[in-house]
Amino acid sequence: MQKPFSTQPELFITSADLEHASLQGLDGAEAILDWVKLEQIMAKIYASKTGRPSYPLLTLLRASLLGIWYRLSDAELVQSLFRDLLFRKFCHLELGGDVPDATTIGRFRARLMELGLWEVLLGEVNRQLEAKHIIMTEGRINIIDATPVEAAQSGYGKDANDEPTRDKDAGWHVKADSRGNIKSTYGYSVHTGVDEPSHGLQKTNHCRAVDGFIHRQTVTPGNAHDSTERDTLLLGDEEALYADAAYSSQATREKLEQFGIDDQVQRKGYRGHPLSKADLVRNKEIAVIRSGGERPFATYKSRYGLARTRLMGLAKNLTLFGLAAIAHNIAKGAKFLALYGLPNPEPTG
């Protein structure tokens, strides 16, 4: 059983005070979505109608998003919920009331994991942004890519029971950098499918605000090859697929031809069969657009503090990065709202 998701009562601060400019930083995220739809998706987390009232599901979801946006551990998030009026306002927490503890937030994330709900939530967020014409579907392209993320425990230490402390679900990601140096990372690979609104159009500031939304995402051990997640990341309705040479294969070309998707995957050379000049030129042209798929990774690592995992185990990290994808898309939608307002719907009939 859960408590209702209601607004704060007037205690030592009035409702008017909550409209102060310093407390409006998350109003865009509040306004861009119909949050009730997300609550309905999560309803089965609290199936019991009896028992001690639990925190509202939207409070826990919003708190989890705050932890992503402000790169906070669960313990740090709880401290911020106690003392930060902006956080309390966004989570609809009573000003004189208690806040969920770190264990409660962790259990909520675990239930999202067990029920596989993060992907459903991401789909609903994207559906709403599409309905508002913030995410463009006509003529869009799909950029797929992957990035390594170091495991929270990647060393060779042992615990008190002489058991290895290394994350057992992770693996070694080995790849040559742009200078040909081999770099090894023990951890996971985050794979994303990122959209762009149009194929072959010159970019404008407006276009930059509506591209880069994450549509598909998965996480694998670091030793999984990027290409293994190709089919998971395909949307099926994209006009073109952009990807680096790791995805180049006859199977990929046949798959794209089957779905009528323009093949914009960079080619790779082989021993005794180097790339032709035409392929080198083609790869450079593709790289200009393909680089857009790396922007969410920069957001994850630089802004959200996810260059290293916070949790142990594949399933937990799949859910955490799923929440990061949701947070990323909501933040982009809120930015669009602040810059341009909602697009006017096209007239019908």
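Reply: What follows covers the core briefly and then the salt bridges.

This is a predicted model, in which local features need pLDDT of at least 70, side-chain atom pairs count only at pLDDT 80 or more, and totals for chains, interfaces and linings use all residues. Residues are numbered from 1 along each chain as its sequence is written, and side-chain values use heavy atoms, with hydrogens and water left out.

The background is the largest nonpolar core, which has 66 residues. A nonpolar core is a set of buried Ala, Val, Leu, Ile, Met, Phe, Trp, Tyr and Cys residues joined through side-chain atoms within 4.5 Å. Buried means under 20% relative accessible area, exposed means over 50%, and partly exposed is in between (1.4 Å probe, protein chains only). L61, W69 and I330 have the most contacts inside this core. Domain 1 (19-115) and domain 2 (120-158 + 166-340) both give residues to the core, so it lies between them; the domain bounds come from an automatic or database domain assignment. A second, separate core of 11 residues includes I144, L233, L241 and A246.

Now the salt bridges, of which the structure holds 15. A salt bridge is a side-chain nitrogen of Lys or Arg within 4 Å of a carboxyl oxygen of Asp or Glu.

One of them joins D237 to R140, with the closest N and O atoms 3.1 Å apart. D237 lies in the loop between helix 9 (230-233) and strand 5 (240-243), and R140 in the loop between helix 7 (118-131) and strand 1 (141-150), so the pair ties together parts that are 97 residues apart in sequence. Here helices (H or I, at least four residues) and strands (E, at least two) are DSSP runs, numbered from the N terminus. D237 is partly exposed at 46% relative accessible area, whereas R140 is buried at 6%.

Another bridge links R308 and E150, whose closest N and O atoms are 3.9 Å apart. R308 sits in the loop between helix 12 (295-303) and helix 13 (314-340), while E150 belongs to strand 1, so this pair ties together parts that are 158 residues apart in sequence. R308 is partly exposed, at 42% relative accessibility, and E150 is partly exposed too, at 32%.

R290 and E294 also meet through their side chains in a salt bridge (3.5 Å, N to O). R290 is buried, at 11%, while E294 is partly exposed, at 36%. Finally, salt bridges that share partners join E130, R140 and D237 into one network.
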